[in-house]
Amino acid sequence: GNLDFNPHFFGYGGAYLYIVPVFLCVFKTLGQVTISSDISYYFLNPDEIAKIFIISRLVSAIAGVGVVLLIYLIAKMLFNSSVAIIAGTIAATTSIIIANSHICKPHVLGLLFSLICIYFFIKASRGLSTKQWILFGVFGGLATGASVHYALVFLPVVFKFLRKPSLKRFNIELLLPGISAIIMFFVTNPYVLISFHEAISSVSYYSGGNGGWGYASLSSDKLFIAFQELVIEGPLVVFMFFTLIYAICLYRKGNNEEKALLEALLAMVVIHGLSLGGIRFMLLEICLFILFGTGTIIYILDQNSLFSKKLKNVVISLIIIVNVLFSFPYIYDYVSKNKGEMAGEWINKNIPVGSTIGITKDYPATWHTPPFEFENYKLISIDKLHLIGERPDFVILQKIGGKVRYANDLENVRFKQNYVELKKFGSTFLDSKLGIKVKHSFANQDVTIFKKI
């Protein structure tokens, strides 16, 4: 190429966008993928773009493993080895962490940097080492540089400082890490300054629209929706409850860094809950819930004489088993036959070449359109299926865990009068036999194909 490293896209941060190409270059050197600056090459060689997506997902998978390790290390510092092992196991089997560790988005990588940042925050708070405060700032800058909503990782140090402010502490705990973070943010995102207007445009679009940076207009409705999404995760409610128990009953027993983390957690939930665009922007809060919730559960079991060692192990095992059961649909989604691929193969074989096909956006994408030979058909954007003018011969709808994208579309009277269901790809063992639906995964959506009457 022409060595132009300006992404012209700032929805994802440079700390993520520039790490992925490093992986791609390594695999290119190993002869596993072809990298071309000619985008048309990938239209003619779709398997190569598939390889790029798989390698990009590898970044998230490695980060996911790192997240589990960091939760173990942080739990060990805050509590003990028993809590650390259990918290790490729960994190490794938490559905929303598993789901985000399988997609090529920056959220898990940013989470890893955030947890490293918290790790050094705890170490620096206990050791008062200038080097550790600098590392706290560096990894906080990397977290923010991967996805800007992780800037809230600096809240714990603010709450800690406010407990006992002084000029010396301001210089060491706020100023020094702040400078380190700003430098690291712009080292990984230099084009934010060079292409300032593009960056502002991206932030405005993703903040006000999709919430891609994690922030949008404040709304109590969004806080309620955020709580609903957390409840859907099932076992997370248990850890939220025991974190609340910690806050009410054990708060005074905690040291300053524990109190600061708990106060920051509350602030994060309120800020992100009022403004976020999805539960994936609350991964840091979820990890803190797991840490404090697990620590509180083990503390209660250890302090209560009613719980023998065997009974204690049974309770812990049940919590882990339930967490695994809630996560299994996510795991299954990534190893089962993909419904989108099956639908695409069926379309190629059964829908006549040259037919018009209606999709719910003005371009095909994985979250609303199965992969098929697009060039063989005329695609029509039907804008939520409010059919105006030409009616396509066929219409494709996808849904996530039983929830139809554009749910009101199927209730549209005109649509029901003009179309009949032709083929559906939605029954798996999990949802047909066990009634288990995946709520947040885009990996294996149900697909329904309709034909014009």
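## Working through a predicted model

Lys452 is partly exposed, with a relative accessible area of 29%; here buried means under 20% relative accessible area, exposed over 50%, and partly exposed in between (1.4 Å probe, protein chains only). We're working with a predicted model, where local features need pLDDT of at least 70, side-chain atom pairs count only at pLDDT 80 or more, and totals for chains, interfaces and linings use all residues. Residues are numbered from 1 along each chain as its sequence is written, and side-chain values use heavy atoms, leaving out hydrogens and water.

**Exercise 1.** Find the salt-bridge partner of Lys452 and say where the two residues sit.

*Solution.* Start with the rule: a salt bridge puts a side-chain nitrogen of Lys or Arg within 4 Å of a carboxyl oxygen of Asp or Glu. Lys452 meets Asp393 this way, with 3.7 Å between the closest N and O atoms. (Helices, H or I with at least four residues, and strands, E with at least two, are DSSP runs numbered from the N terminus.) Last, check the cover: Asp393 is partly exposed, at 28%.

**Exercise 2.** Compare where the partners sit in the salt bridges Glu48 with Lys51 and Glu263 with Arg163.

*Solution.* Take Glu48 and Lys51 to begin with: their side chains meet at 3.1 Å, N to O. Both lie in helix H4 (residues 46-78), 3 residues apart, or about one turn of the helix. Glu48 counts as buried because its relative accessibility is 11%, while Lys51 is partly exposed at 31%. Now take Glu263 and Arg163, whose closest N and O atoms are 2.5 Å apart. This pair links distant parts of the chain, from helix H15 (residues 256-275) for Glu263 to helix H9 (residues 155-163) for Arg163, 100 residues apart. Arg163 is partly exposed, at 36%. By the rule above, the count of salt bridges comes to 8.

**Exercise 3.** Is strand S1 (residues 356-359) covered on one face or both?

*Solution.* Recall that side chains in a regular strand alternate between the two faces of the sheet. On one side of S1 you find Thr356 and Gly358, on the other Ile357 and Ile359. These are all buried, so both faces are covered. For its neighbour, look at S2 (residues 378-381): 4 bridges join it to S1, and the two run parallel (strands pair if DSSP finds at least two bridges between them). Ile357 has Leu379 as its bridge partner in S2.

**Exercise 4.** Locate Thr448 and list what it touches.

*Solution.* Thr448 lies in strand S6 (residues 446-452). It is buried, because its relative accessible area is 9%. Leaving aside residues up to four places away in sequence, Thr448 touches Val395, Ile396, Leu397, Glu421, Lys423 and Lys424; contact means heavy atoms within 4.5 Å.
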